[in-house]
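Hello,

Here is the structure I promised to pass on.

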Amino acid sequence: MDLKEKISKAFEERFGNKGTVYASAGRINLIGEHTDYNGGFVFPGAIDKVIMAEIAPNGTDKVRAFSIDINDYAEFGLNEEDAPAQSWARYIFGVCREIIKRGGTVKGFDTVFAGNVPLGAGLSSSAALESCFAYALNDLYNDNSIDKFELARIGQSTEHNYCGVMCGIMDQFASVFGKKDHLMRLDCRSMEYEYFPFHPEGHSLVLLDSVVKHELADSPYNKRRASCERVAKRLGLETLRDATMEMLDSVKSDITAEDYFRAKFVIEEKQRVLDVCDALVAGDYETVGRCMYETHNGLSKDYEVSCEELDFLNDIAKECGVTGSRIMGGGFGGCTINLVKNELLDKFVAEAKTRFNERYGHEPKVYEVIISDGAHKEA
Ligand code: GLA
């Protein structure tokens with residue numbers, strides 16, 4: 001049974017009718033990590049792994065929601081004091097509240113949802129969930145009058161105000177704007193974006209999931225952001241977007257060593273996104289790959305969001321001659337993203353599985369991803 005059939009069957013059993021089905025995607029990011037909340041560039045794409053929800057208005061002022069994957073049910077009202085206790089339900093509640101706060105309409109509905117975006121793997125399952133509901137409630141109650149950027153911001157504000165993660169806009173942007181076979185370069189300051197066709201000749205993208213889970217709420221993620229904001233303030237800038245290494249070095253003695261290295265990574269990473277986009281257009285995968293390794297190194301040593309398991313997977317990639325490899329997403333666990341020559345793919349995956357298993361007692365999970373469309377109504 002596919003995802004849609006599974007959801008429709010559960011919806012009918014629970015609520016006795018049929019609703020409309022919507023989906024939104026998880027994402028990868030080729031390069032540009034922790035740059036979004038610094039006004040820099042990111043280069044993500046939506047993937048063929050989604051959160052899907054069937055939804056039907058129920059004529060009440062209550063939301064009744066069932067998560068197939070967590071096997072849990074929640075019922076909540078739409079006022080600020082009605083926030084549900086379950087963290088998964090707070091994503092849906094937050095999206096409803098953020099639409100209402102912006103003057104939009106949300107009324108009671110029934111929903112059943114499920115997904116195949118691995119949880120806690122750095123593939124933005126939470127942004128997929130938020131974007132799925134933001135898109136659906138825009139269609140069902142607001143005549144699609146909320147524009148796509150605002151849908152992404154509704155998801156981001158949900159994270160900020162209901163889930164405790166001060167994230168940037170990348171994940172929700174990718175989930176809403178994703179386009180089959182294209183990566184998107186987003187300038188997170190001007191919000192201008194460009195689609196880049198992505199057909200890496202002779203290469204595949206493979207993700208290796210360390211299965212180390214990360215919890216971003218109340219976490220080092222927010223601390224990284226605070227470091228960057230402190231340095232920007234010290235430089236008299238709104239964000240690190242306009243900072244240079246010269247400027248950073250000029251205040252080195254006034255800031256902590258930790259803040260210095262956080263900002264150094266962001267300044268370097270900003271340029272790498274532009275370099276990778278140029279290299280991709282030129283078909284220069286060696287440069288793309290080299291930048292990916294540099295990003296990993298910076299995320300591990302300067303930004304300190306890697307972990308032993310991910311550094312180990314990165315080392316294996318390097319030793320196997322993989323073109324590019326790095327930790328992906330917020331960090332503190334999750335996946336590495338690997339750009340691998342097709343003829344090397346099987347050998348690399350086999351070797352990574354064996355060596356990781358020897359050291360950590362379990363294999364990494366392997367996901368081959370296809371760049372796909374973002375939020376949509378199912379036909
Ligand atoms: C998480 C956040 C994003 C972004 C990445 C790091 O995925 O949700 O906004 O900051 O981490 O690039």
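First, the ground rules. This is a predicted model: local features need pLDDT of at least 70, side-chain atom pairs count only at pLDDT 80 or more, and totals for chains, interfaces and linings use all residues. Residues are numbered from 1 along each chain as its sequence is written, and side-chain values use heavy atoms, with hydrogens and water left out.

The sheet with β9 to β12

Helices (H or I, at least four residues) and strands (E, at least two) are DSSP runs, numbered from the N terminus. Two strands pair if DSSP finds at least two bridges between them. On that basis, 4 strands make an open sheet in the order β10-β11-β9-β12, with antiparallel pairing. β10 (324-327) and β12 (365-368) are the edge strands; each has a single partner, so one side of each lacks a neighbour in the sheet. From one strand to the next, the twist averages 20°. Axes here are lines fitted to C-alpha atoms, for helices over the stretch in contact, and angles run from 0 to 180 degrees between N-to-C directions.

Helix α9 (residues 285-301) packs on this sheet and touches β9, β10 and β11 (335-341). Contact means heavy atoms within 4.5 Å. The direction of α9 makes about 25° with that of β10. β9 (residues 203-209) pairs with β12 over 4 bridges, antiparallel. Leu208 has Val366 in β12 as its bridge partner.

The strands around β4

β4 (residues 62-67) runs antiparallel to β5 (residues 72-77), joined by 6 bridges. The two form a hairpin with 4 residues between them. Asn71, in the turn, has a positive phi of about 55°. β4 is also joined to β6 (residues 109-115), by 5 bridges and in the parallel sense. Ala65 faces both ways: it stands opposite Ala74 in β5 and opposite Thr111 in β6.

The ligand site

Which residues surround the ligand? They are Arg27, Glu33, His34, Asp36, Tyr37, Cys167, Gly168, Met170, Asp171, Tyr221, Gly329 and Gly330.

For a polar side-chain atom of Arg27, the distance to a ligand oxygen is 3.1 Å. A polar backbone atom of Gly330 lies 3.3 Å from an oxygen of the ligand. The protein covers 95% of the 310 Å² of accessible area that the ligand has on its own. Areas come from the Shrake-Rupley method with a 1.4 Å probe; for residues, only the protein chains shown count as cover.

Two single residues

Ala263 lies in helix α8 (residues 257-281). Ala263 is buried, at 1% relative accessible area. Buried means under 20%, exposed over 50%, partly exposed in between. Not counting residues up to four places away in sequence, Ala263 touches Val231, Leu240 and Leu248. Ala263 and Tyr37 are 226 residues apart in sequence and 12 Å apart in space, C-alpha to C-alpha.

Ser306 sits in the loop between α9 and α10 (308-320). Ser306 also counts as buried, at 16% relative accessibility. Its side chain makes a polar contact with that of Asp311, at 2.8 Å. A polar contact is a pair of N or O atoms within 3.5 Å; within protein, one must be able to donate a hydrogen and the other to accept it, and residues adjacent in sequence count only if both atoms are side-chain atoms. Beyond four places in sequence, the contacts of Ser306 include His296, Leu299 and Ile327.

Best wishes

Methods
Near = heavy atom within 4 Å. Buried < 20%, exposed > 50% of the residue type's maximum accessible area, 1.4 Å probe, protein only.
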